[in-house]
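The tour goes from one selection to the next.

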Amino acid sequence: MSNFPDRESLDMTPPPHLEDIEIATETLQFNMASIPTTGALLRTLARAKPAANILELGTGTGMATCWLLDGLDADGHLVTVDIDPVVQQVAKINLGYDPRINFVEQDGSEFLQNTQTLSFDLIFADALPGKFSELDEALSLLADGGVYVCDDLMPQETWPEGHAPKVPVYIETMQARPELEVEYWEWSSGILLARKIAA
Ligand SMILES: C[S@@+](CC[C@H](N)C(=O)[O-])C[C@H]1O[C@@H](n2cnc3c(N)ncnc32)[C@H](O)[C@@H]1O
């Protein structure tokens with residue numbers, strides 16, 4: 001396992017609208033939101049790629065969305081998908097003014113099965129589809145050299161019964177894929193980064 005920079009060496013400056021989103025998230029009692037260190041990592045990754053095309057699977061209330069959006073340059077684009085219109089509405093209210101973002105209210109499995117013509121430089125897989133189902137479909141949307149990120153791989157109170165044994169299997173499956181360079185860190189909420197090797 002690699003060492004990972006500690007919190008102090010990341011840019012933790014809050015992105016625009018984070019505070020409003022946090023308040024609404026608490027009001028809704030939505031307990032699956034990403035934590036700030038994950039957000040800061042995602043923003044750094046978004047900043048690294050000019051005119052990046054980004055996909056987020058699982059908008060939630062937009063906690064990670066606002067970090068990703070803050071890392072995008074003016075020519076970048078972000079598509080974010082969630083099945084639940086109530087939580088996604090928080091993100092729409094706070095970030096929907098930005099022309100660089102497209103909200104998709106759809107089952108992520110359907111989205112991944114029907115969206116095979118798109119290509120993304122960065123995928124944040126934060127819903128079950130794209131992680132524990134439709135993994136091939138998600139990875140096929142990743143551009144050569146693109147980066148796929150998954151969080152919440154360390155034990156979480158919100159994990160449903162039966163979820164825990166799936167996590168090591170998922171990490172091993174990712175590490176075994178020949179088209180990927182994979183790193184897993186017990187850092188933040190448990191982060192896996194996979195870079196697609198250029199064909
Ligand atoms: C871990 S939360 C996302 C958190 C968010 N990315 C953040 O950073 O705060 C997972 C989200 O996946 C959504 N979800 C669950 N099943 C889904 C499905 N089949 N398709 C799309 N979204 C789904 C839930 O509604 C929830 O908002």
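Two strands count as paired if DSSP finds at least two bridges between them. Helices (H or I, at least four residues) and strands (E, at least two) are DSSP runs, numbered from the N terminus. This is a predicted model: local features need pLDDT of at least 70, side-chain atom pairs count only at pLDDT 80 or more, and totals for chains, interfaces and linings use all residues. Residues are numbered from 1 along each chain as its sequence is written.

**Stop 1: the hairpin**

Select residues 180–185 and 191–196. These are strands β6 and β7, paired in the antiparallel sense over 6 bridges. Find V182; opposite stands A194 in β7. The two strands form a hairpin, with 5 residues between them.

Now pick S188, in the loop between β6 and β7. Its phi is positive, near 55°, and the residue is not glycine. Most residues other than glycine have a negative phi.

Is S188 buried or exposed? A residue is buried if 20 or more other C-beta atoms lie within 10 Å of its own, exposed if 12 or fewer, and partly exposed in between; C-beta atoms are placed from the backbone. S188 has 21 other C-beta atoms within 10 Å, so it is buried.

**Stop 2: another positive phi**

Jump to A51, in the loop between α2 (36–47) and β1 (53–57). Phi of A51 is also positive, near 50°. A51 counts as exposed because it has 11 C-beta neighbours inside 10 Å.

**Stop 3: the core**

A nonpolar core is a set of buried Ala, Val, Leu, Ile, Met, Phe, Trp, Tyr and Cys residues joined through C-beta atoms within 7 Å. The largest one has 47 residues; select L42, I54, L68, L122, I123, F124 and V149, which touch the most other members. Helix α3 (residues 63–71) supplies the largest share of this core, 6 residues.

Center on L68. Two residues are in contact if their C-beta atoms, placed from the backbone, lie within 7 Å. Leaving aside neighbours within four places in sequence, L68 is in contact with L42, R43, A46, I54, E56, L78 and F124.

**Stop 4: the whole chain**

Zoom out and color by secondary structure. The chain has 7 helices and 7 strands. From the N terminus, the elements run α-α-β-α-β-α-β-α-β-α-β-α-β-β. Of the 199 residues, 41% count as buried. Among contacts between residues at least 6 apart in sequence, 68% join residues at least 24 apart. Along the principal axes, the C-alpha atoms fill a box of roughly 40 × 35 × 35 Å.
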